[in-house]
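Reader: I would like to learn how to read a loop residue and a helix from coordinates. Please start from the model itself.

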Amino acid sequence: MARLATAFLLMALAAATVLWIAGPRLVNTPALSQAHQGDDCPIPLTYRMGEVDPRFGLSSEALREVTAEAAALWEDLAPRPLFRYDPAGELLINLTYDERQGTWEAQQRAQEALEEVRARHAALVEAHEAREHALRTARARYEDQLAYVERRLERHNSVVVAVNTGEIERTPERVKALERESEAITALRQQVDAQYERVERLRRQFNARVSRLNQMTETLNRQVRRYNDQFARGGGYNKGVYLHKRSNRAVRRSITVYQFKDRADLRQVLAHELGHALGIDHVSDPAALMHYQLSEHNTGLSRLTAADRQALRAVCAW
Ligand SMILES: [Zn+2]
């Protein structure tokens, strides 16, 4: 069996808080291995197409092509042909549509909807950060300006006091200069006040949008939770199965695939089940095609691993 573990880890960032929404971590449970009853390495194994549910949107011919690609993965490792297509072949290849593919498709749709919300949220976060930066910059500028005006005012006042007490000589030029300085300081104070208004305006905008952003974050997280509740519950499922039945003297072999996301995924599931059809059991290397579970370690294999090669050699004895 090719077993898929479903695990989701989705995250939403709030303006003020960081929320992690995690789907339950799935515990790997080994799938039951099929009994291989003594006739391992039945090569060349002939195969043909069986029932292909039209809901997969894949023709029987396309399935045959993908099966040939899956077979080629094994044949790259073998000194002689392992599989052969034959319209009267022994091994049936079926595509059976059930809740596994149905749920997967619903999940794809839900994921797309979620990604849209997430993108809108990300845009809000970006705008929020830009506003925060503008606010900080304006506030720093205000504080610099204010400190400068205060220093200048202090100096001016001390000169005025000194002139008033006679410590510094009062001349008409000095009085004129002090009046000019007083006007200049007044003008600067107006600029500082205007900058203060700018800061306040930015602060109000910032605060108003923070609550909007937090609401959006809540919406996103609610949707993520709903998504996780709906899809990240189970402990994985079998994407495909190889069956080997003996009745009287006849041996009936079939591969049935229940779920795949794209052609490469289907090829991988088929290659895994073809491995079982040769009599190969699961191997312990998580990167191998014949590992019982499809995970990030062995997804999208373009060639088989040393563990797969070894398992093939052991069964086919060369
Ligand atoms: Zn398996």
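Author: Asp285 touches His291, Thr305 and Ala307, leaving aside residues up to four places away in sequence. Two residues are in contact if their C-beta atoms, placed from the backbone, lie within 7 Å. This is a predicted model, in which local features need pLDDT of at least 70, side-chain atom pairs count only at pLDDT 80 or more, and totals for chains, interfaces and linings use all residues. Residues are numbered from 1 along each chain as its sequence is written.

Reader: What is the mean pLDDT of the protein chain?

Author: pLDDT is the predictor's confidence in each residue, from 0 to 100. The mean for the protein chain is 86, and 87% of its residues reach 70 or more. Over residues 4–37 pLDDT stays under 50, and the model has 75 contacts beyond four places in sequence for them.

Reader: Where is Asp285 placed, and is Asp285 exposed, partly exposed or buried?

Author: Helices (H or I, at least four residues) and strands (E, at least two) are DSSP runs, numbered from the N terminus. Asp285 lies in the loop between H4 and strand E9 (293–294). A residue is buried if 20 or more other C-beta atoms lie within 10 Å of its own, exposed if 12 or fewer, and partly exposed in between, with C-beta atoms placed from the backbone. Asp285 has 17 other C-beta atoms within 10 Å, so Asp285 is partly exposed. Ser284, also in the loop between H4 and E9, counts as exposed because it has 9 C-beta neighbours inside 10 Å.

Reader: Which residues of H5 are buried?

Author: Asp308, Ala311, Leu312 and Cys316 are buried in H5. They cover an arc of only 115° around the axis, so they are on the same side of H5. The arc is that of the directions from the helix axis to the C-beta atoms. These buried residues pack against H1. Ala317 follows H5 and has a positive phi, near 55°.

Reader: What span should helix H1 have?

Author: The expected span of a helix is 1.5 Å times one less than its number of residues. The 16 residues of H1 (residues 60–75) should therefore span 22 Å, which agrees with end C-alpha atoms 22 Å apart.
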